[in-house]
Amino acid sequence: MTTKKSNHQAEWWRRSVVYQVYPRSFNDTTGSGVGDIRGLTKKLDYLKDLGTDIVWLQPVYNSPQNDNGYDVADYRSIDPMYGTMEDFDELMAELKARDMHLMLDIVVNHSSTEHMWFQESRKSKDNPYRDYYIWRDPAPGGGVPNNWQSKFGGSAWQYDEATGQYFLTLFDKTQADLNWENETVRQEAADLMRFWADKGVDGFRMDVINLISKDQDFPDDDGSIMTGDGRRYYTDGPRVHEYIKELYERVYGPYDLVTVGEMSSTTLQHCIRYSNPEEREFSMTFNFHHLKVDYPQGKKWELMPYDFEALKGLLSSWQIGMNEGGGWNALFWNNHDQPRALSRFADDGRCRVASAKMLATTLHGLQGTPYVFQGEEIGMPNPNWNDISEFRDVESTNMYRIMVEMGKTPEEAFEIIAKRSRDNARTPMQWNYGPQAGFTDGTPWIKLDERYPEINVKMQREDPDSVFSHYKNLIALRKTEDVLTDGRYIRLDEGHPQVFAYARTNDRDTLVVVSNFTSEEAAFTLPETHAALGHSQLELLSGNRPEVPTWGDQLELEPYASFMWIIRG
Ligand code: NOJ
């Protein structure tokens with residue numbers, strides 16, 4: 001593998017910002033209580049105003065919705081819940097009219113068991129679709145073929161009476177893993193992407209794409225490395241790069257698409273390969289290591305305060321490693337699978353506004369393509385529900401049941417779900433302070449956060465001090481300051497217990513970002529090299545407190561203060 005650097009200024013998506021839309025919870029135009037495609041189209045001016053270049057639209061295909069659309073029953077359709085194909089075409093046209101791009105979510109590690117392919121596949125062992133999925137005989141003594149676990153709890157194997165075999169499901173039991181060893185399946189995946197590329201979409205977000213190549217021996221996992229749930233045998237698996245290169249040749253390259261791969265439990269080395277342009281795989285990758293710093297020994301369903309040093313260390317090593325290897329990071333704090341970062345890493349109460357801005361500045365100063373998840377740009381927090389009946393998500397409800405079965409009290413299990421559940425991010429978008437926050441005229445499919453009368457788009461859009469305006473400013477900087485795109489990353493804080501500080505430098509400018517992650521005041525000593533940089537050319541690009549620290553050896557920072565300066569060369 002070569003590590004020649006690409007020209008960072010050449011590819012448009014390296015200077016872009018992506019806005020992630022979870023359509024169920026974005027904007028409902030029918031009163032059904034579920035958001036829809038026309039609801040998104042109506043908000044395009046808002047997204048443009050924020051500075052969005054690319055909209056990532058999460059799955060809107062026909063689906064039984066057991067995993068909110070990540071269980072696709074027909075890849076070339078629109079679920080009536082979200083509207084029609086005409087609505088989709090209108091969305092495309094309206095995006096293009098605003099010079100914005102669309103990235104669709106493609107889920108081809110698995111399909112719904114309601115997909116025609118699976119319905120055929122399960123009929124008989126000699127059905128032409130049998131080999132589209134991963135079928136195995138019971139273990140010699142009976143029972144599941146191996147000890148792999150589903151990511152949503154329980155065995156990863158489901159028994160099917162009709163043929164007396166098990167099929168693999170790494171997620172919900174209705175999400176059957178596709179068999180990528182089968183060339184026809186790989187052709188099908190390419191074909192369905194061509195269908196959408198022909199409609200004019202500009203790119204794809206590839207769901208858990210690093211899980212598509214399984215070790216064909218399907219060994220039991222003895223837990224000696226990684227978590228013992230089988231992931232070592234299918235994560236960044238034996239043929240994964242070959243398969244992605246094939247997709248590049250068949251679709252991404254010919255249509256000149258922007259692509260992001262969602263990489264579960266991956267490594268830096270693999271992500272360099274996935275995203276270095278010379279490898280001809282993806283444009284960029286998501287990894288989740290920085291969002292596991294509050295998992296004790298990697299265990300998601302146990303609680304601990306987050307490890308600040310680990311957070312800084314991980315963000316830094318990926319900044320440096322991806323840059324040196326010629327890879328490209330997708331930068332994010334939030335998505336639909338994570339509790340709100342604001343509630344997790346900062347203060348979502350009294351210092352909510354400063355905290356939201358601090359997290360934003362810290363992330364938007366890094367190298368990569370930033371992603372904003374709906375509601376993040378107005379500082380939406382976790383909703384703080386107090387009853388398990390509010391939760392809708394299959395993973396959360398499964399894990400609650402399993403934890404109680406395993407001996408936790410309902411209160412203990414609830415406390416964990418309340419902190420960890422993905423539903424924290426899925427509450428309806430807060431457009432205004434009217435009924436249902438302007439999200440729907442009906443009853444929302446999931447409860448709103450009760451703080452919407454104070455936290456909403458309407459109150460923030462014209463307010464220059466709002467979280468929204470702060471994001472807008474940061475997003476605009478990506479277009480004007482080259483150093484944000486090509487500057488080399490240098491960590492400045494050397495293990496400070498409260499402060500994360502770094503610089504970015506290209507052959508002209510130096511950018512310095514200093515953030516206090518705590519509710520206490522902090523004093524931070526700038527390294528001499530940076531303290532000495534020309535005071536006269538110093539310019540403040542972004543800040544979240546009226547008291548701007550005086551530049552010098554020692555910076556005094558208020559709680560959650562965060563500043564971005566540039567020293568022009
Ligand atoms: C990752 C998606 O982001 C998540 O929401 C989904 O449950 C799994 N992949 C399975 O498709």
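The largest pocket is lined by 44 residues, and those nearest its centre are K151, R231, K300, W301 and E395. A pocket here is an open set of points on a 1 Å grid over the protein atoms alone, with protein on both sides within 12 Å along at least five of seven lines, and lining residues have an atom within 4 Å of a point. This is a predicted model, in which local features need pLDDT of at least 70 and side-chain atom pairs count only at pLDDT 80 or more, while totals for chains, interfaces and linings use all residues. Residues are numbered from 1 along each chain as its sequence is written, and side-chain values use heavy atoms, with hydrogens and water left out.

The volume of this pocket is about 1400 Å³, taken as the space filled by probe spheres set on grid points that are joined across faces, edges and corners. Its lining has 14 nonpolar, 15 polar and 15 charged residues. In this scheme Ala, Val, Leu, Ile, Met, Phe, Trp, Tyr, Cys and Pro are nonpolar, Asp, Glu, Lys and Arg are charged, and the others, Gly among them, are polar. Helix α11 (residues 394-405) gives the most to the lining, with 4 residues; helices are DSSP runs of H or I with at least four residues, strands are runs of E with at least two, and both are numbered from the N terminus.

Now look for the ligand: the space it takes is the largest pocket, as more than half of its atoms must lie within 2 Å of the grid points. Around the ligand are 14 residues, of which D67, H110, D207, H336 and D337 come nearest; to be near, a residue needs a heavy atom within 4 Å. This shell divides into 4 nonpolar, 3 polar and 7 charged residues.

In the side chain of H336, an N or O atom is 2.8 Å from a ligand oxygen. For R422, the distance from a polar side-chain atom to a ligand oxygen is 2.9 Å, and for R205 it is 3.1 Å. Taken alone the ligand exposes 300 Å², and the protein buries 98% of that (Shrake-Rupley method, 1.4 Å probe).

Cavities come next: here a 1.4 Å probe fits but cannot get out.

Technical notes:
Polar contact = N/O pair within 3.5 Å; in protein donor to acceptor, adjacent residues only side chain to side chain.
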